[in-house]
Amino acid sequence: MKLTKRSDTVNKDEKQLGISRRAFIRNSSIAAAGGAVGVGMFAPGMMKKAQAKSVDLESPVEIKRTICSHCSVGCGIYAEVQEGVWTGQEPAFDHPFNAGGHCAKGAALREHGHGAKRLKYPMKLVNGKWIKMSWETALEEVSQQVLKIREESGPDSVYWLGSAKHNNEQAYLFRKMVSMWGTNNVDHQARICHSTTVAGVANTWGYGAMTNSLNDMQNCKSILFIGSNPAEAHPVAMQHILIAKEKNNCKIIVADPRRTRTAAKADHYVSLRPGSDVAFVWGVLYHVFKNGWEDKEFIRQRVYGMEDVRAEVAKW
């Protein structure tokens, strides 16, 4: 791949009052919008073609302790390695988070890179059937189609969404590529998901993400779930919730329109109508205030605007 100086590209683009298809693909690696490929293009030598390696399954097994990389919970894994190849895995029974358990995603962690069913080449749906394509053809088709959209509707017509699986360098290059494309329409699911918690939770607790460890859950005396279903959405956390129920006699209340697997473990299940969750919270607060159950000293030290809240919940 031929690299050009940034000044040369800028001058050329200024003369053309735009950017050509060939120049854009060459300089921005639009064909490698996945990020990982882009790293290889911008930094030759950092990536190499994978080589399959045969393994004698009768060879000795070496156990490597590692952490599941599927999400940020940090569950422990025992990786079974034979002749340098990851051939199996078991959840770590002595890990404080998952305690010998796995969610469905974590259980398939080895399959991500070593599974026999992993997709090894691009596929295209043609007349209802998937056909194999070469990388060159796939990258050419994707780049040409995206550039066609840009030419017809402008650079702001495309929205670029980053990946939680990008490392810092890949995210950096992805953002640079979008800038070269000519827009700032780039975002990430985590920003969309957690902007509300940063605004609310950070101002309340001083930290914009989860404020308690999983082990804290075991000491709870009561837990209220509103529209939350950790038995399916967060099975690792659900283990700790059930420990609280068993060892600490924790009372579990689930408020949800659906009777979920979490609701099946609840001491009290409240079947809400969809959209009535705020009314439910206000109704609970009504009884809290009416019976004087609120933590008055905490409110005095940490809360402002409570009189407005009292006036509103009085209606419920």
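Predicted model: local features only at pLDDT ≥ 70, side-chain atom pairs only at ≥ 80, totals over all residues.
Residues are numbered from 1 along each chain as its sequence is written, and side-chain values use heavy atoms, with hydrogens and water left out.

**The sheet.** I looked up strand 9 (residues 251-255), which pairs with strand 10 in the parallel sense over 3 bridges; two strands count as paired if DSSP finds at least two bridges between them. Helices (H or I, at least four residues) and strands (E, at least two) are DSSP runs, numbered from the N terminus. I then traced the open sheet, in which 3 strands follow the order 8-9-10 with parallel pairing. Strand 8 (222-226) and strand 10 (268-270) stand at the edges with a single partner strand each, so one side of each has no neighbour in the sheet. From one strand to the next, the twist averages 10 degrees.

I also checked helix 12 (residues 277-291), which packs on the sheet and touches strand 8, strand 9 and strand 10, its direction making about 150 degrees with that of strand 8. Axes here are lines fitted to C-alpha atoms, for helices over the stretch in contact, and angles run from 0 to 180 degrees between N-to-C directions. Contact means heavy atoms within 4.5 Å.

**Two residues.** I looked up Thr-262, which lies in helix 11 (residues 261-264), and found it buried, with a relative accessible area of 0%. Buried means under 20% relative accessible area, exposed over 50%, and partly exposed in between (1.4 Å probe, protein chains only). Leaving aside residues up to four places away in sequence, Thr-262 touches several residues, including Phe-225, Met-238 and Val-254. Pro-274 and Asp-256 are 18 residues apart in sequence, and their C-alpha atoms are 8.2 Å apart in space.

**Whole protein and confidence.** I recorded 14 helices and 10 strands in the protein, and buried residues make up 28% of its 316 residues. The mean pLDDT, the predictor's confidence in each residue from 0 to 100, is 82, and 83% of the residues reach 70 or more. I marked residues 1-19 with care, as pLDDT stays under 50 there, and residues 28-44 likewise have pLDDT below 50.
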